[in-house]
Amino acid sequence: MSVLTLTINDIQCTGREGQTILDIIKENKISLPVLCDLKGLTPVAACRLCLVEVKGIPKLVPACTTKIQEGMVVYTDSEKLRNYRRMIVELLFAEGNHICASCVVNGYCELQNLGYMVGMESVRFDYLWQLFQIDASHPRYVMDQSKCVKCTRCIRVCDEVEGAHVWDLKGRGINVRVISGLDEPWGQVKECTQCGKCVQVCPVGALFEKTATTSEMIKDRSFLERILEGREAKIWVR
Amino acid sequence: MNVEELKDIYQKQNDVLSKYKHRILICGGASCHSLGSVSFKKIVEDVLAKYDLKDSVAVVNVGCLGLCGKGPLVKIEPEGIIYTNVSVENVADIVERHFVKRTPREDGVMRADDPFYRKQFYIVLKDFSNVDPADLNSYIAFGGYTALAKSLLEMSRQDVIEEVKKSGLRGRGGAGFPTGIKWETVSKQPSETKFVVCNGDEGDPGAFMDRSVMESMPHRLLEGMTIAAYAVGASQGFIYVRAEYPLAIERLSKAIRDARRAGLLGTNIMGTNFSFDISIRVGAGAFVCGEETALLASIEGKRGMPRQRPPFPAEKGLWGYPTLINNVETYANIYAIINNGGDWFASIGTQKSKGTKVFALAGKINNTGLVEVPMGVTIREMIYEIGGGIQGGKKFKAVQTGGPSGGCIPEKFIDLPVDYESLREVGSIMGSGGFIVMDENTCMVDVAKFFMEFCADESCGKCIPCRVGTVIMKDILQKITDGRATMRDYQNLKDLAYMVREMSLCGLGQTAPNPVLSSIMYFEEEYLAHINERRCIANVCEVKQFDVVNTYL
Ligand SMILES: Cc1cc2nc3c(=O)[nH]c(=O)nc-3n(C[C@H](O)[C@H](O)[C@H](O)COP(=O)(O)O)c2cc1C
Ligand code: SF4
Ligand code: SF4
Ligand code: SF4
Ligand code: FES
Ligand code: FES
């Protein structure tokens, strides 16, 4: 596999063919907000936070799905991008009901973290205050729609790693909902193996363990690393 | 069927046609069809039988005659007289007065030399008024399938692609990508399996160009797709039609059956070793399913949600195989390019926009309906000659082109030629061919709100800018038209518009802010009047006169 050279924010970087801009950004410890992307899951380029500028391409491109090319010149941190990213995070806060003080992941939340990262001080838009439902029918876990940012990580991990395909999307636009089974209470979905993978990959407090209360739920994704390493070492193949 | 048989049918059909002195052509387009023109044929035939005219006057159900706003229409050839607003009650009388009593009806008559028709140039819509959509032989009688025969028997795959490239044809589905280059890309893919897909989703509000092609001339689409399949090396095709178009589905299904039976689809087409078949896929009518990657996902049976490109469908399309996807109207141009040559096609239109474009004329003009004009006609010609002027003699204010993805073009650009580049320069787009004319009694903020509501409803919800951004923009526009907005809201609206345009995943989100941005560009004073003076300049919005300082939300 050939080695490619590129610059990111004027820093010289190298990578292998087939890697994405985001891979290189992570390897070089350059800071970039991401939300939908999670190593080990098929990238979907849905959150749009990782969009970067590439010289010679008129449109902004998502770092998580764009493959690197020889001589690429990437900028991740222009004034415009910072401004746009802040707006996206504000939109997420306006969309759901993110009352951090009463949230199980308060302090460990990726969305909260994104807020700090993009320098969000307040939400300039009117809150949508939508009505959501909590599903506590599962013996071990809870789903709180009001916190869901529709990153689809739960859908992908359950489908691609656990192989149970419990989750899916329903509806469209602002009414998109993550549903379990055929839109039935999670506890009634027989396919769920209760493995907890979806809970651990969820970036926010939408999926959590029943025993957790405010600020107690720390997510653990080490299993994904182990599975990935196993795959790479061909201990087993999917 | 082979070429000899094709020529044979052509000859026989034309011999029959030449026996008749007159032809009564009944519009069977969706609009006229739904207003009752289906039952005209029987009535007219009874009248002709009564006066013993059956051998000299033919009665044919044909495709859309274009002036849908005044339908149902009945056209009489060779006189070139079109009777408008015909009904089950008066059709017998009209025919009697025309042929027997020799006192033809005078009111509600349109002539074929009216500017509405004279200014048009037909390629896609050619012979809509002659061919019976349900009859393969009738299509052949007007030259149908000669282009397919020519491609298969006289041209190599590369020749076909060269001809399309030479024509300068650009995709009519919206983005205007050069068709020949797309075909070449697909043809060069090393895969054994390839697909050809026709995008007949047509979700723009008020658009019906593609529908009318599928309904009025289904074989022209099949012929174009088959030529494309030959050129790129595909053996299976799909036509994706929305479920709201039952008549299109019915006529396409019949056309496909007839073409298979005649050996124009299926194995060894026209006796060559080229094989190709087409099936119909019915969409559930989501606007976003017109976006190509969402459409392909939908054909595969998945949720119709766009994905990031690249890879483009030409490289990885249906089930991961190279897939050619073109719009209905794009395919409907192919027969003419093959028959008359790419150079002929390139001689029509402007420097960079070749050929013609079909528009659905709508809004406050006198002649609403389906028109086809050479690229480069001016907005003035569209409105005042073809469109017959503004209704009630009112003042022209703006025209919205390109549907929800497009922009509003103000009166000062009335002499702008309508082509891809010119429209883009003034902040709008050609889009799929929506052309909505607005008069002085239109509030531009209200119009922007309408389109933003549409986009918010139709967003698939995958990416954040479009899913949430369109809803917030819609809410701000509502506040403005209600008289509840502040300048801060206005600033937020503008900031969001730029962000959503640049950050969204697919074309829906990327173009959703266009109606807002273009109306701000040309009609900012209307926004400011709502906000600062609590006043709607066009007197459309019910602006409430309350004091913002004391309201909170
Ligand atoms: C939201 C959205 C809706 C679209 N709807 C249609 C449609 O209804 N019909 C169509 O032909 N193309 C539609 N397109 C464009 C297609 O993605 C694609 O560009 C087109 O089918 C390609 O064909 P062409 O090259 O012949 O234009 C849409 C694009 C977007 C982003
Ligand atoms: S607990 Fe496991 S099986 Fe159940 S929904 Fe979550 S990931 Fe799927
Ligand atoms: S529940 Fe969590 S993981 Fe699933 S889509 Fe919502 S935020 Fe993402
Ligand atoms: S831009 Fe809108 S329609 Fe397109 S992928 Fe994003 S949410 Fe879906
Ligand atoms: S991380 Fe790339 S779009 Fe979400
Ligand atoms: S449907 Fe009759 S004129 Fe268009």
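What share of the 238 residues of chain A count as buried? The share is 55%. Buried means under 20% relative accessible area, exposed means over 50%, and partly exposed lies in between, with a 1.4 Å probe and protein chains only. This is a predicted model, in which local features need pLDDT of at least 70, side-chain atom pairs count only at pLDDT 80 or more, and totals for chains, interfaces and linings use all residues. Residues are numbered from 1 along each chain as its sequence is written, chains are lettered from A and ligands numbered from 1 in the order in which they are written, and side-chain values use heavy atoms, with hydrogens and water left out.

Start with chain A as a whole. Its secondary structure comes to six helices and ten strands. Helices (H or I, at least four residues) and strands (E, at least two) are DSSP runs, numbered from the N terminus. The radius of gyration of chain A is 19 Å, close to the 18 Å of the globule rule for 238 residues, so chain A is as compact as a globular protein of that length. That radius is taken over C-alpha atoms, and the rule is 2.2 Å times the number of residues to the power 0.38. The C-alpha trace of chain A spans about 55 × 50 × 30 Å along its principal axes.

Contact means heavy atoms within 4.5 Å. Take the contacts in chain A between residues at least 6 apart in sequence: 61% of them join residues at least 24 apart. Chain A exposes about 11,600 Å², and carbon and sulfur atoms supply 51% of this area. Accessible areas come from the Shrake-Rupley method with a 1.4 Å probe; for residues, only the protein chains shown count as cover.

Now look at helix α6 of chain A, residues 222-232. Its buried residues are A:Phe223, A:Leu224, A:Ile227, A:Leu228 and A:Gly230. Seen down the axis of α6(A), they fall within an arc of 160°, so they line one face of the helix. The arc is that of the directions from the helix axis to the C-beta atoms. These buried residues pack against α4 (153-162) and α5 (197-201) of chain A. On the other side of α6(A), A:Arg226, A:Glu229 and A:Glu232 are exposed. A:Lys234 follows α6(A), and its phi is positive, near 55°.

Move to A:Ile88, in helix α2 (residues 79-95) of chain A. A:Ile88 is buried, with a relative accessible area of 0%. What does A:Ile88 touch, not counting residues up to four places away in sequence? In chain A, it touches A:Cys47, A:Arg48 and A:Leu49. In chain B, it touches B:Ile464, B:Pro465, B:Met499 and B:Met503. The C-alpha atoms of A:Ile88 and A:Arg231 are separated by 35 Å, and the two residues are 143 residues apart along the chain.

Chain B comes next. Its secondary structure comes to 23 helices and 14 strands. A compact globule of 553 residues would have a radius of gyration near 24 Å; chain B has 25 Å, which agrees. Its C-alpha trace spans about 80 × 65 × 40 Å along the principal axes. Of its 553 residues, 62% count as buried. Among its contacts between residues at least 6 apart in sequence, 71% join residues at least 24 apart.

Helix α8 of chain B covers residues 157-167. Its buried residues are B:Val160, B:Ile161, B:Glu163, B:Val164 and B:Ser167. Down the axis of α8(B), they too fall within an arc of 160°, so they line one face of the helix. Their cover includes α7 (146-154), α9 (179-188), α11 (218-232), α15 (334-340) and α16 (342-346) of chain B. B:Gly168 follows α8(B), with a positive phi near 75°.

The loops of chain B hold some details of the backbone. The peptide bond from B:Gly71 to B:Pro72 is cis, with omega near -5°. B:Pro72 lies in the loop between β2 (57-62) and β3 (74-77). The peptide bond from B:Pro310 to B:Pro311 is also cis, with omega near 0°. B:Pro311 is in the loop between α13 (292-299) and β9 (323-327).

B:Asp52 is not a glycine, yet it has a positive phi of about 60°. It lies in the loop between α3 (40-50) and β2 of chain B. B:Asp52 is exposed, with a relative accessible area of 70%. B:Asn268 also has a positive phi, near 45°. Its place is in the loop between α12 (246-261) and β8 (277-283) of chain B. At 45% relative accessibility, B:Asn268 counts as partly exposed.
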